[in-house]
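I opened this notebook to keep track of what I looked up, entry by entry, for someone who has not seen the structure before.

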Amino acid sequence: MLARQRIHEIVHEYGRDVLEHERMRIEKHCYQHGAVTTFEHSVRVACLAVYFADRLHLWRHVDLRSLVRAALLHDYFLYDWHYDGDGSHKLHGFTHPRRALTNALHDFDLNPVERDSILRHMFPLTPVPPRYIEGYLVTMADKISATRETFSMARFSKPQLDPVPARLALTDGSESAQKTNDGDDEAEHQEETIR
Ligand SMILES: [Fe+2]
Ligand SMILES: [Fe+2]
């Protein structure tokens, strides 16, 4: 059985390029659930997904690198969904997996397992289930982490985060929305190819 330290090492080993990507830093400036940033949440989901793969003895059935990368990128939507001035995040729960996939495809080369696991991680809120075991591990780890984070007492005393540095583009706003819409077409195409 893998120890907690080893699980952290695996996540940082297989997810190094994701964790060190400049746009991943946006996630450190946005809360996801409670007092946990999207970056922290993503690392937690990756660690928990690896933990489940280990404890459920799934090593022969799981591609570890894909599992870690899909978990780290599952919420790569790159905006703060708590601020909804123009109403564009009203359907965040339903729309953010596609936004995350669009952004991830812009910044990384993703295999079909990673793409599908990101796009389907909100199942059953979004009706199409994951196609791969990695996707089920990500969605299970995500729900458990999100529940823990949301109901943590720390949410009552969370500090104000520094704003996102101007040079790191958020994916909402008019200019980048155009870019994102273009990317949505790509995600749509990618979605077709992984069916
Ligand atoms: Fe999500
Ligand atoms: Fe999540």
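Before listing any neighbours, I note that two residues are in contact if their C-beta atoms, placed from the backbone, lie within 7 Å. With that in hand I looked up alanine 71, which touches Ser42, Val45, Ala46, Ala49, Val138 and Ala141 when residues up to four places away in sequence are left out.

Entry on confidence. I am reading a predicted model, and I found that the protein chain averages a pLDDT of 87, with 86% of the residues scoring at least 70. I marked residues 173–186, where pLDDT stays under 50 and the model has 14 contacts beyond four places in sequence. I also marked residues 191–195, where the pLDDT is below 50 and the stretch has four contacts beyond near neighbours in sequence.

Entry on the overall layout. I counted eight helices and two strands in the protein chain, and reading along the sequence I wrote down the pattern α-α-β-β-α-α-α-α-α-α. Of the 195 residues, 41% count as buried. Among the contacts with a separation of 6 or more, 69% come from residues 24 or more positions apart.

Entry on the core. Which residues have the most contacts inside the largest nonpolar core? I found Ala46, Ala49, Val50, Leu67, Val68 and Ala71, in a core that has 39 residues. H1, H3 (38–55), H4, H5 (92–107), H6 (112–119) and H7 (133–150) each supply at least two residues of this core, and H3 gives the most, with eight residues.

Entry on a helix pair. I looked at H1 (residues 4–14) and H4 (residues 64–73), which pack at an angle of about 85° with their axes 9 Å apart, so H1 is roughly perpendicular to H4. The contact is made by Ile10, Val11 and Tyr14 of H1 together with Leu64, Arg65, Val68 and Arg69 of H4. By class, I noted five nonpolar, no polar and two charged residues in the contact of H1 with H4.

Entry on aspartate 142. Aspartate 142 touches Val45, His74 and His121, not counting residues up to four places away in sequence. The C-alpha atoms of aspartate 142 and valine 45 are separated by 5.4 Å, although these residues are 97 residues apart along the chain.

Key: Residues numbered from 1 in each chain as written. Chains lettered and ligands numbered in written order. Predicted model: local features only at pLDDT ≥ 70, side-chain atom pairs only at ≥ 80, totals over all residues. Axes fitted to C-alpha atoms, helices over the stretch in contact; angles between N-to-C directions. Helix = DSSP H or I, 4+ residues; strand = E, 2+ residues; numbered from the N terminus. Parallel < 35°, antiparallel > 145°, perpendicular 65-115°, else oblique. Nonpolar A, V, L, I, M, F, W, Y, C, P; charged D, E, K, R; others polar. pLDDT = per-residue confidence, 0-100. Core = buried A, V, L, I, M, F, W, Y, C linked by C-beta atoms within 7 Å. Buried ≥ 20, exposed ≤ 12 C-beta atoms within 10 Å, placed from the backbone.
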